[in-house]
Amino acid sequence: MTRLRIASCQINTRVGDLAHNVARITEALDQAEAAGCNLAVFPELAVTGYPPEDLLLKPGFIADNRAALEQVAAHTRGCVAVVGFVDVHRDLWNAAAVCAHGEVRGVYHKRNLPNYAVFDEQRYFAHGWEPTGLWSVGGVRVGVSICEDAWNPAGPILDQADSGAELIVNLNASPYAEGKLAFRERLMATRAADASCALVYVNQVGGQDELVFDGGSFVIGETGELVARLP
């Protein structure tokens with residue numbers, strides 16, 4: 001059986017403070033490299049902080065966010081990093097970059113955009129639509145998803161599993177609510193078992209205005225069993 005050593009990097013980001021966020025990401029990357037990890041997974045929009053809201057209306061901020069991602073990518077070596085950032089072409093996307101050996105090797109665009117309670121993503125982002133892509137990390141086929149993508153039973157995880165994924169990584173900025181930690185674990189256990197894939201769920205920590213991000217990152221095995229959990 002092929003084995004991966006995975007770093008779940010549930011860091012505390014600051015909205016709009018790109019230099020701070022790059023420093024936190026690269027510090028965690030150094031720790032992952034030193035621990036011999038094959039893969040380091042970071043939270044949703046780790047480069048910009050979450051939620052960036054009307055900062056996304058500033059073209060200069062979007063350009064600076066991309067430059068910050070390039071700094072992160074340049075810092076990577078053998079450990080593959082999956083990092084949340086804002087991608088831009090004609091539209092803006094809530095995106096995840098797959099970085100290794102000093103370069104951005106691929107990008108995934110979030111497909112399911114929440115627009116309820118504290119979330120307002122459809123105001124800012126376009127839906128991802130590209131065909132499902134997988135990345136080979138240490139000989140393991142890895143699918144990438146972002147937060148709400150995994151909450152939707154008809155989301156991209158099943159497509160990725162049908163394409164041969166053996167591991168799904170899910171980047172999150174999921175705020176605290178009473179009872180939510182147990183609910184997340186039950187839901188992700190169902191997704192992993194339905195897809196017959198191991199699933200790595202990484203959430204951020206810290207506070208932003210009225211939101212408290214409570215970490216609780218975890219790993220679920222392919223049959224839905226809890227393998228590991230962070231505080």
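This is a predicted model: local features need pLDDT of at least 70, side-chain atom pairs count only at pLDDT 80 or more; totals for chains, interfaces and linings use all residues.
**Stop 1**

Select residues 18-34, helix α1, together with residues 59-75, helix α2. Two packed helices are described by the angle between their axes and the distance between the axes. Here the axes come within 10 Å and cross at roughly 20 degrees. Because angles under 35 degrees count as roughly parallel, α1 is roughly parallel to α2. The crossing of the two helices is right-handed.

Now show side chains. On the α1 side, pick L18, V22, I25, T26, L29 and D30; on the α2 side, they meet F61, D64, N65, A68, Q71, V72 and H75. By class, the residues of this contact are seven nonpolar, four polar and two charged.

**Stop 2**

Move to G49, in the loop between β2 (39-41) and α2. Is G49 buried or exposed? Its relative accessible area is 0%, so G49 is buried. Leaving aside neighbours within four places in sequence, G49 is in contact with T13, R14, V15 and N21.

In the loop between β2 and α2, select P51 too. The peptide bond that joins Y50 and P51 is cis, with omega about -5 degrees. Most peptide bonds are trans.

**Stop 3: strand β8**

Select N170, which is in strand β8 (residues 167-172). N170 has a relative accessible area of 0% and is therefore buried. Which side chain makes a polar contact with the side chain of N170? Display S145: the two side chains make that contact at 2.9 Å.

**Stop 4: two positive phi values**

Most residues other than glycine have a negative phi. Go to H101, in the loop between β4 (92-100) and β5 (103-109). Phi of H101 is near 50 degrees, a positive value. H101 counts as exposed, at 55% relative accessibility.

Finish at A117, in the loop between β5 and β6 (135-137). A117 is not a glycine, yet its phi is positive, about 50 degrees. With a relative accessible area of 76%, A117 is exposed.

Definitions and conventions: Residues are numbered from 1 along each chain as its sequence is written. Side-chain values use heavy atoms; hydrogens and water are left out. Axes are lines fitted to C-alpha atoms, for helices over the stretch in contact, and angles run from 0 to 180 degrees between N-to-C directions. Helices (H or I, at least four residues) and strands (E, at least two) are DSSP runs, numbered from the N terminus. Angles under 35 degrees count as roughly parallel, over 145 as roughly antiparallel, 65 to 115 as roughly perpendicular and the rest as oblique. A crossing is left-handed if the near helix is turned anticlockwise from the far one by less than a right angle, and right-handed if clockwise. Contact means heavy atoms within 4.5 Å. Ala, Val, Leu, Ile, Met, Phe, Trp, Tyr, Cys and Pro count as nonpolar, Asp, Glu, Lys and Arg as charged, and the others, Gly among them, as polar. Buried means under 20% relative accessible area, exposed over 50%, partly exposed in between (1.4 Å probe, protein chains only). A polar contact is a pair of N or O atoms within 3.5 Å; within protein, one must be able to donate a hydrogen and the other to accept it, and residues adjacent in sequence count only if both atoms are side-chain atoms.
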